[in-house]
Amino acid sequence: MRLSPIGTRMAGLSGLRSIMEDVAASTADTSAEEWLNLSIGNPAAIPAAGAMWREALTRALEEDFDAVCGRYGPSRGSAGLIEAVNAYFHRAYGWDLGPENVVVGPGSQMVCFAAAALFCGPGPDGAHRRLVLPMVPDYTGYQGLCMHEDGIVGVAPQIVEDGEHGFRYALDLDALARLDDIGMLLISTPGNPTGRAMDRAELDGLIAFAEARDIPLVIDHAYGAPFPRIGEVPVEPVRHPHVVNCFSASKAGMPGERVGFAIGDPRYAGAIAAFLSNSVLHAAQLPQAALATTLREGTLDEVTRDAITPYYRGKRELMDALLMEQLPPDIAWRSHSGAGGMFAWVWIDHAWFDDVELYRRLKEKRVFVVPGRHFFVDATTTALPRGHATRCFRMSLSAPEKTLIDGVSRVAETLEEMRAEAN
């Protein structure tokens, strides 16, 4: 079989996807209880969220099966959901939106893929405009959005140490300003894997940059405000002609149905809607109807406030306590001081540490974590402290409490073994 250059790129396995297949293969013939899976990106099964979606989906099926399953819908999104989105954001933020400002897709990642295809790549003027991640590490799935070789670049962060065992990444706007041939900026806030959320000065800086370059700034709020608010969010979404805000129902408890939407200037939203029409036709209408119901009736806000945000806050506090109690005191480790997100991001600052070696050893102990290198675009690692990208790893906070406790214990044990062998 012969593949085109784009086919070769898109048919290949990313590093993280290969690990997910490894997880599936390793656990296929065993009981799930035999493994401690701290690598999962799936949101936790929070009862209140599950009950909300079950009720909304059931009502949509019972009230008008033909409308949600029996015929095709508009490529931009169902009229019911677009109306609900516009009314919701007017109530929440005072935004005056029309249907031309909104586009619904089968998950926010597909919306981002459409935007990357539209605004990045070779142009008629001979320029090759790139997708730029203003700060890495960021969601590893973004690295598959650009179909062209060398189509994506990330900006290395500044690293700020915080106390004895904390640190955080800071946006380097000066480094961003040195880049040319940018077609689009893309950033998640709170981010995956770190849980880091932008502050107002950083957001204003990115907006000013996008406006000066006349490019879209796509902001992925999949973990953030107004839902599911996994953690504290210092800055609410901002409406601006150069900002495309993306939202998703996945981390609010409905990842399997793949529905997300973007709000932006009509020139961006219209182009994305046309792309979706030419590729996937439209997002599934059943989850659109369910999401519209939860937005109209306020149940998504209630579940976010009363169940989702407190759940992950408790898990973050537990993880912080476990790391302090379990990790060896003679090992230089730091955990990213994230205000949000559903992961713990840990940096082991020793030359003997390697993220893939940790993954291999933990797998032998029936524990899965994610090596940190998969969240960095390769070119950015040269601007970081030596070896930083391979000295980090990610652990999920959505696993059950006992899994977190036992998993961190085995991580600590493995780090002790690696350190002892190195000495």
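Which side chain does E202 meet in a salt bridge? The partner is R196, with N and O at 2.3 Å. By salt bridge I mean a side-chain nitrogen of Lys or Arg within 4 Å of a carboxyl oxygen of Asp or Glu.

Hi everyone. A word on the ground rules: this is a predicted model, where local features need pLDDT of at least 70, side-chain atom pairs count only at pLDDT 80 or more, and totals for chains, interfaces and linings use all residues. Residues are numbered from 1 along each chain as its sequence is written, and side-chain values use heavy atoms, with hydrogens and water left out.

Back to our opening pair. E202 counts as buried at 10% relative accessibility, and R196 is buried too, with a relative accessible area of 12%. Here buried means under 20% relative accessible area, exposed means over 50%, and partly exposed is in between, using a 1.4 Å probe and protein chains only.

In general, side chains of opposite charge can pair when their charged atoms come close. Searching the whole structure turns up 24 salt bridges, and I'd like to show you a few.

Take D355 and R373, whose closest N and O atoms are 2.6 Å apart in a salt bridge. D355 sits in helix α12 and R373 in the loop between β15 (370-371) and β16 (392-396), so this pair ties together parts that are 18 residues apart in sequence. Helices (H or I, at least four residues) and strands (E, at least two) are DSSP runs, numbered from the N terminus. D355 is buried at 1% relative accessibility, whereas R373 is partly exposed at 31%.

Next comes E417 with K365, a salt bridge whose closest N and O atoms are 3.1 Å apart. E417 belongs to helix α13 (residues 401-422) and K365 to the loop between α12 and β14 (367-368), so the pair ties together parts that are 52 residues apart in sequence. E417 is partly exposed, with a relative accessible area of 31%.

There is also a network of salt bridges, linking E357, R360, R361, E364 and E421.

Now for the rings. The whole structure has 21 aromatic pairs. Rings of Phe, Tyr and Trp (its six-membered ring) pair if their centres lie within 6.5 Å; planes under 30 degrees apart count as stacked, over 60 as edge-to-face, and the rest as tilted. F113 and F275 have ring centres 6.2 Å apart and planes at 70°, so they are edge-to-face. This pair links distant parts of the chain, 162 residues apart, with F113 in helix α6 (residues 108-119) and F275 in helix α9 (residues 266-279). Both F113 and F275 are buried.

F167 and Y169 are edge-to-face as well, because their planes are at 90° and their ring centres 5.1 Å apart. Again, both F167 and Y169 are buried.

One last stop: where does H350 lie? You'll find H350 in the loop between β13 (343-348) and α12 (355-364). H350 is buried, with a relative accessible area of 19%. Leaving aside residues up to four places away in sequence, H350 touches D330, I331, A332 and R391, where contact means heavy atoms within 4.5 Å. The C-alpha atoms of H350 and A332 are 6.9 Å apart, although these residues are 18 apart along the chain.
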